[in-house]
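Please read them alongside the model.

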Amino acid sequence: MLNDNEEQARTQQAHTTSWKIEWKLLEFMERLLKKLDQQIDRRLVMTFVRLSMALLLHRHRNEGGWLSKLGSYLVPENAEAGKKRIQKLLYSQKWDSHLLEEHLWQVGEERVAAGERAGETVLAIWDESVIEKSESLQLEGLGPVRSSKAARLKRIKPGYFNPPGGRPVFVPGFHWLQVLVCGLKGAVVPAHTRLWTSRGERASTRREEEWQVLQQVADRFGARVIHIFDRGFAGTPWLTHLFVNAVRFVIRWPHTYRLITEQGVEKKAWEIARGKRSWEQRLIWDARRQCHRKIGLLAFPVFDPVYQEPLWLVISRQGPSKKPWYLLTSELADTPDRAFRIILMYARRWQIEMSLRFEKSELGFESLRAFSWEVRQRLLLILTLVHAFLLQFLAPACKALRDFLLNVWCHRNGERSRLVQAPLYRLRFALAFLWLRFPPPLLARLN
């Protein structure tokens with residue numbers, strides 16, 4: 001049992017930490033808030049801050065983006081009044097979502113600059129997903145998207161029978177593209193997020209959207225970053241865009257796609273490596289399965305079949321039970337160390353998979369309820385800003401604050417919970433619990 005002095009000291013520490021985190025949030029959004037203050041009423045700027053705090057507090061996958069639920073945090077005794085405040089902010093014609101996009105780009109540029117100062121390799125990781133709205137029909141910009149939920153339900157389960165088959169299931173929804181900036185270790189930073197659709201007035205195509213984002217990334221970051229792509233980007237059209245923008249890249253190449261060998265013979269990727277012994281074997285950390293795996297590595301100089309650009313094909317052999325990685329890169333890979341570095345770069349791509357999962361499951365990206373395209377885009381970007389703010393807690397400079405939140409406000413005895421390297425789910429739970437128990441000034445002020 002704690003005596004009165006110890007209880008008072010703990011309460012004071014909780015108050016101080018609560019205020020400190022609020023100040024950290026304001027500092028993170030300082031430039032954005034100043035620009036908003038020049039365009040909209042100051043009361044709406046305060047609503048923007050409180051909405052961001054409400055999104056941190058409201059942890060519900062299916063209702064995380066409901067304005068009626070978020071409004072209850074702004075005005076607890078009258079949720080409808082809080083909802084109207086949020087609507088005035090989101091439907092205001094005096095600002096648009098490009099302001100939020102620009103702030104995210106600046107956050108990404110700061111991460112690139114910090115990586116350069118530290119002498120580390122900076123990566124720009126790309127991936128795509130979809131936001132499924134399977135029960136909706138009238139939302140602006142809805143288009144057909146391939147349902148990953150339906151694909152999971154159609155998988156064969158041991159001990160069960162008659163699994164549904166057939167072609168992929170498509171449902172109403174939106175396409176989603178994201179770019180993360182990170183190093184070979186440490187926390188990631190979301191630099192860009194955008195929605196697009198294939199129907200209606202805003203109809204676009206996948207390559208058009210990717211081409212626009214690639215131009216923006218190339219203009220802002222240049223050759224300071226190495227772009228990491230999955231197999232969905234592979235092919236001559238995307239390689240053409242990469243060559244035009246003169247960016248550095250690592251892309252996972254399908255094993256049946258063709259390349260030209262050093263001898264001038266066009267072969268499939270798997271045929272180039274057929275019968276060749278690995279240079280050596282090394283251990284690599286598998287972030288997905290949380291274990292070390294032994295891989296064999298080798299590399300070959302190759303050329304693009306259309307433009308004859310010199311490239312390197314790096315092969316990571318995962319073992320007899322797993323398919324190897326074929327990584328096509330513009331980086332030099334003539335030694336085992338350089339080839340292994342390419343493999344480590346691509347292994348970091350798992351970070352964006354975890355990011356997308358966190359945004360869908362924890363931040364409730366698919367729960368957003370807004371008929372207007374622009375309002376939905378604003379809500380999505382505000383949620384992305386909240387995610388970027390949470391990721392700051394994983395930096396080494398925040399270790400003391402992170403440990404206090406996890407040990408006091410989200411204590412767990414399980415070994416996995418104590419040793420996990422990126423406890424974003426627990427961090428958000430701890431922060432929400434702390435702010436509900438000891439609300440900071442802006443959250444406690446109800447006017």
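1. R378 lies over the face of W95, at 4.3 Å from the ring centre. A second contact of this kind involves R369, whose charged end sits over the ring of W66, 3.8 Å from the centre. A charge counts as over a ring if NZ of Lys or CZ of Arg is within 6 Å of the ring centre and within 35 degrees of the ring normal.

2. The model is predicted: local features need pLDDT of at least 70, side-chain atom pairs count only at pLDDT 80 or more, and totals for chains, interfaces and linings use all residues. Residues are numbered from 1 along each chain as its sequence is written, and side-chain values use heavy atoms, with hydrogens and water left out.

3. The whole structure contains 20 aromatic pairs. Rings of Phe, Tyr and Trp (its six-membered ring) pair if their centres lie within 6.5 Å; planes under 30 degrees apart are stacked, over 60 edge-to-face and the rest tilted. F358 and Y425 form an edge-to-face pair, because their planes stand at 75°, with the centres 4.9 Å apart. This pair joins distant parts of the chain, with F358 in helix 12 (residues 350–361) and Y425 in helix 16 (residues 424–437), 67 residues apart. Helices here are DSSP runs of H or I, at least four residues, numbered from the N terminus.

4. Are the two partners buried or exposed? F358 is buried, at a relative accessible area of 2%, whereas Y425 is partly exposed, at 32%. Buried means under 20% relative accessible area, exposed over 50% and partly exposed in between (1.4 Å probe, protein chains only).

5. Helix 16 also holds F429 and F433, four residues apart, about one turn of the helix. Their rings form a tilted pair, 6.2 Å centre to centre and 40° between the planes. F429 is partly exposed at 31% relative accessibility, and F433 is partly exposed at 43%. Elsewhere, W126, F229, F233 and W238 make up one aromatic cluster.

6. The structure holds zero disulfides, a disulfide being a pair of cysteine sulfur atoms within 2.5 Å. For C182 the closest cysteine sulfur, in C398, is 18 Å away, too far for a bond. For C410 the closest is likewise in C398, at 17 Å, again too far. C182 is buried at 0% relative accessible area, and C410 is buried at 1%.

7. The second largest pocket has a volume of about 390 Å³. Its lining has 17 residues, with E132, K133, S134, K149 and E366 nearest the centre. By class the lining divides into four nonpolar, five polar and eight charged residues. On a 1 Å grid over the protein atoms alone, a pocket is an open set of points with protein on both sides within 12 Å along at least five of seven lines, a cavity is a set where a 1.4 Å probe fits but cannot get out, and lining residues have an atom within 4 Å of a point. Points are joined across faces, edges and corners, and a volume is the space filled by probe spheres set on them. Ala, Val, Leu, Ile, Met, Phe, Trp, Tyr, Cys and Pro count as nonpolar, Asp, Glu, Lys and Arg as charged, and the others, Gly among them, as polar.

8. There are two cavities of 30 Å³ or more. The largest cavity, about 40 Å³, is lined by I131, K133, F174, L195, F365, L368 and R376. The second largest cavity has a volume of about 30 Å³, and helix 6 gives the largest share of its lining, four residues.

Conventions:
Helix = DSSP H or I, 4+ residues; strand = E, 2+ residues; numbered from the N terminus.
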